[in-house]
Amino acid sequence: MTDDRMIQTEDIVVDFLGLRALDHVNMTLKRGTILGLIGPNGSGKTTLVNVLTGFLKPTAGSVRIDGQNVTGQSPYQIARANVRRTFQTIRLFKKLSVLENVVVAGVSHGLSRRDATQAAHQALDRLGIADVAHLQAGTLAYGAERRVEIARALITQPAYLLLDEPAAGMNEHESDELLEMIPTIVTDFDCGMLVIDHDMRLIMRLCQQLHVLNYGKTIAQGTPAEIRSNPDVIAAYLGGEDRVTGQ
């Protein structure tokens with residue numbers, strides 16, 4: 001019996017006014033695994049996440065979630081398939097408290113306010129920021145705002161969680177804490193996680209598999225060890241030895 005619990009793209013193409021942002025990209029994210037999506041700025045990483053989550057309709061190709069074709073469906077419909085994401089640009093309600101920000105996310109996905117409040121406390125505790133639940137979101141440091149974004153995505157226990165630069169703005173200590181936390185989320189929720197980040201120290205230690213884009217095309221897929229030694233990846237993105245090893 002095959003396990004269809006995965007997000008799968010087949011030959012995804014995205015054109016913007018004659019510019020090809022994604023060029024026949026095939027990618028698989030399985031439940032219970034952490035996949036890293038890396039590449040230079042402008043390589044198509046966020047465009048691919050936008051396709052996966054319904055914010056952008058592909059020019060060609062298909063997206064399947066757990067075997068169901070969801071190509072071109074709206075973000076709301078994709079969310080009903082239990083797919084959640086965070087954004088490069090943090091989208092918190094700055095004048096609401098941290099707790100209220102997370103509760104709103106739960107209510108918007110169909111939880112009662114009581115259940116959303118309980119789940120919000122649990123999510124904030126898991127992300128290590130329960131102590132700031134009462135604070136206004138606009139007063140937080142950037143790294144803490146990132147954690148609130150992840151808590152908002154976690155509140156409904158997603159089957160798939162797509163994190164767009166979760167370590168952005170974090171110092172090395174905060175990044176290490178995130179590195180310890182993410183695998184426990186994947187294990188506890190049995191979810192598939194896609195992580196986009198330029199922090200190679202985090203990506204190389206966190207992900208079991210990596211998918212590398214450049215100019216909208218897949219140039220490599222494999223384990224971190226395979227990606228480190230791939231000449232195409234080194235030439236296009238990783239560069240010198242320090243970046244390759246994540247030092």
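**Helix packing and salt bridges**

Modeller: Helix α3 (residues 98–108) and helix α4 (residues 113–126) pack at an angle of about 125°, their axes lying 8 Å apart. The model is predicted, so local features need pLDDT of at least 70 and side-chain atom pairs count only at pLDDT 80 or more, while totals for chains, interfaces and linings use all residues. Residues are numbered from 1 along each chain as its sequence is written, and side-chain values use heavy atoms, with hydrogens and water left out.

Colleague: Why are α3 and α4 called oblique to each other?

Modeller: Angles under 35 degrees count as roughly parallel, over 145 as roughly antiparallel, 65 to 115 as roughly perpendicular and the rest as oblique. The angle here is about 125°, and α3 and α4 are therefore oblique.

Colleague: Which residues make the contact between α3 and α4?

Modeller: With contact meaning heavy atoms within 4.5 Å, α3 contributes Val98, Leu99, Val102, Val103, Gly106 and Val107, and α4 contributes Arg113, Ala116, Thr117, Ala120, His121 and Leu124.

Colleague: What makes α5 roughly parallel to α6?

Modeller: The axes of helix α5 (residues 142–154) and helix α6 (residues 172–189) cross at roughly 5° and come within 12 Å. That angle makes α5 roughly parallel to α6. Their contact is made by Gly143, Arg147, Ile150 and Leu154 of α5 with Glu174, Glu177, Leu178, Met181, Ile185 and Phe189 of α6.

Colleague: How do you know that aspartate 23 and arginine 20 meet in a salt bridge?

Modeller: The term requires a side-chain nitrogen of Lys or Arg within 4 Å of a carboxyl oxygen of Asp or Glu. For aspartate 23 and arginine 20 the N to O distance is 3.8 Å, and their side chains meet in a salt bridge. By this rule the count comes to 12 salt bridges.

Colleague: Why is aspartate 23 called buried, and what is arginine 20 called?

Modeller: Buried means under 20% relative accessible area, exposed over 50% and partly exposed in between (1.4 Å probe, protein chains only). Aspartate 23 has 19% and is therefore buried, whereas arginine 20, with 38%, is partly exposed.

Colleague: What makes the salt bridge of arginine 31 and aspartate 190 a tie between parts apart in sequence?

Modeller: The side chains of arginine 31 and aspartate 190 meet at 3.8 Å, N to O. Arginine 31 lies in the loop between β2 (19–30) and β3 (34–38) and aspartate 190 in the loop between α6 and β8 (192–196), so the pair ties together parts 159 residues apart in sequence. Aspartate 190, at 29% relative accessibility, counts as partly exposed.

Methods
Axes fitted to C-alpha atoms, helices over the stretch in contact; angles between N-to-C directions. Helix = DSSP H or I, 4+ residues; strand = E, 2+ residues; numbered from the N terminus.
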